[in-house]
Amino acid sequence: MEPVEDCAPAGAEEGSGPSAAQRRAEVRRRKLLMNSEERMNRIVGYGKNDGDGSPARRAVEPRFHLDLERSEPWSSPVSTKRLSPFLSEAGETAERRGPPLPDSRDGLGSTGTTEGDLPGGVRQRARGNVAGDEHTRSPRKGVQKYLSRFDDALKLRSQMASEKTAQESSSDSEELDSFRVFRLIGSAVLALFVRLFVCKYLSIFAPFLTLELAYMGLYKYFPKVEKKAKTTVLTAALLLSGIPAEVISRSMDTYRKMGDVFADLCVYFFTFILSHEVLVLLGSEAP
Amino acid sequence: MAAGYSWFLVLGSVFLCNLVKSLLPSVSTFLSKVLQKDAEQETEMKSEIQEMRKELSSISMKDEFARYARLERKINKMTDKLKTHVKSRTAHQAKIKWIVNIIFYILQAALMISLIWKYYADPVTVVPSKWIAPLERLVAFPSGVAGGVGITCWLIVCNKVVAIILHAVS
């Protein structure tokens with residue numbers, strides 16, 4: 001079988017680059033054009049055996065068309081359905097009908113679809129060479145896009161692995177820099193001050209908000225610590241889904257700032273309650 | 001009096017949990033060493049391989065090929081055995097670490113649930129409600145007492161503060 005023969009060298013020459021893949025795609029396209037009808041029957045899985053045997057299937061099952069322009073080639077290729085090529089051929093032959101999914105996949109496998117050549121599936125070509133040329137360009141784009149994303153995924157994976165080993169060796173995920181320490185101490189001191197002098201007159205959260213506003217202004221006077229952006233599973237997934245790195249880093253930065261404010265609030269409230277309880281205890285024990 | 005020190009009980013529990021969590025790696029390492037039965041065998045194999053390698057380096061391959069090949073085979077066999085042994089030891093250590101972590105998390109969850117159950121309706125401490133305005137409802141959740149500090153709020157605050165303190169200390 002020709003497709004099987006194509007499969008073996010294609011698999012072996014996977015590493016030779018897009019030129020070999022393009023050549024094989026071209027050869028395959030010519031074969032398709034020359035022998036479209038026979039190929040259709042072979043792929044579809046009907047023809048001599050099931051030519052008239054399943055009228056219900058013909059009526060119910062949709063026709064399918066596998067597209068190389070898909071961005072996710074390894075998802076089910078038969079889920080995308082285009083009617084026009086098959087509609088045109090259905091007028092010509094009565095044997096072209098949508099096959100059951102496993103058969104179509106088997107048919108595809110037997111026609112020699114390989115990872116390097118046609119990751120999206122086999123295109124059924126019934127038109128002339130003009131449409132074919134346009135379609136070979138878009139499969140190439142799709143292949144290149146897929147390969148670039150695959151490379152990105154591998155790089156991110158290695159980056160995550162190296163960061164994980166570095167983290168395990170260093171064992172410190174977030175260092176307390178000088179500004180953070182200043183914030184925490186400032187929050188605790190303010191809580192103490194508020195408990196002693198201010199809380200009878202207004203809410204304890206008002207001074208806290210004022211303190212946070214002051215911190216925003218004081219931030220620029222402290223040495224800035226370069227925080228290395230960690231590649232986690234979440235950031236890797238966001239990067240691969242197409243979200244720009246700039247957006248991700250800004251979101252992470254915002255999230256980090258919110259975490260700092262939350263930590264300040266926790267320290268402030270804790271110190272306030274603790275000082276209140278100590279004062280109550282001292283007050284109750286005082287004669 | 002017990003009600004007056006609820007906040008301290010919760011704080012102490014949270015501190016204990018976080019302290020034990022920071023000591024978990026040491027505990028699992030200690031347990032794996034204690035439970036490891038044939039730890040000495042590995043060192044013996046390593047020393048044996050080292051000696052055989054020394055002997056192999058002293059033998060000339062051209063002059064005593066048979067002896068060289070025999071010794072090399074022995075070294076390879078011993079190395080494979082050592083690798084298998086190291087793999088099983090590593091798997092054993094990982095298993096113990098996993099078990100210790102699971103036990104700890106179960107105990108921690110049980111402790112937290114029991115604390116929440118105990119102080120669901122009562123606040124851990126009470127302050128004048130105007131002090132914590134306008135967040136008095138949120139702070140008092142789920143007790144609903146005006147001016148009270150609810151168990152959930154206090155647990156979150158204690159967890160964060162204790163984590164910061166332990167992080168700074170370590």
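**Chatting through chains A and B**

Q: Which residues of chain B does UniProt list for "transmembrane region"?
A: The unreviewed UniProt entry gives 6-24, 98-120 and 140-166 under that name.

Q: And how much helix is there over residues 140-166 of chain B?
A: There, the chain is 63% helix, with 7% strand. Its end C-alpha atoms are 27 Å apart.

Q: Let's zoom in. Where is Ser13(B) found?
A: Ser13(B) sits in helix α1 of chain B, which covers residues 6-35.

Q: Is Ser13(B) buried or exposed, and why?
A: Buried, because its relative accessible area is 11%, and buried means under 20%.

Q: What does the side chain of Ser13(B) reach?
A: It reaches the backbone oxygen of Leu9(B), at 2.8 Å. Leaving aside residues up to four places away in sequence, Ser13(B) also touches Leu111(B) and Leu115(B).

Q: Switching to chain A: what pLDDT does it average?
A: Chain A averages 67, and 52% of its residues score at least 70. Over residues 1-15 of chain A the pLDDT is below 50, and that stretch has 20 contacts in the model beyond near neighbours in sequence. Residues 49-126 of chain A are also below 50, with 141 such contacts.

Q: How should predicted coordinates be read where pLDDT is low?
A: Not in detail.

Methods
Residues are numbered from 1 along each chain as its sequence is written. Chains are lettered from A and ligands numbered from 1 in the order in which they are written. This is a predicted model: local features need pLDDT of at least 70, side-chain atom pairs count only at pLDDT 80 or more; totals for chains, interfaces and linings use all residues. Side-chain values use heavy atoms; hydrogens and water are left out. UniProt positions are given in the numbering used here, feature names are shortened, and annotations may be inferred rather than shown by experiment. Helices (H or I, at least four residues) and strands (E, at least two) are DSSP runs, numbered from the N terminus. pLDDT is the predictor's confidence in each residue, from 0 to 100. Contact means heavy atoms within 4.5 Å. Buried means under 20% relative accessible area, exposed over 50%, partly exposed in between (1.4 Å probe, protein chains only). A polar contact is a pair of N or O atoms within 3.5 Å; within protein, one must be able to donate a hydrogen and the other to accept it, and residues adjacent in sequence count only if both atoms are side-chain atoms.
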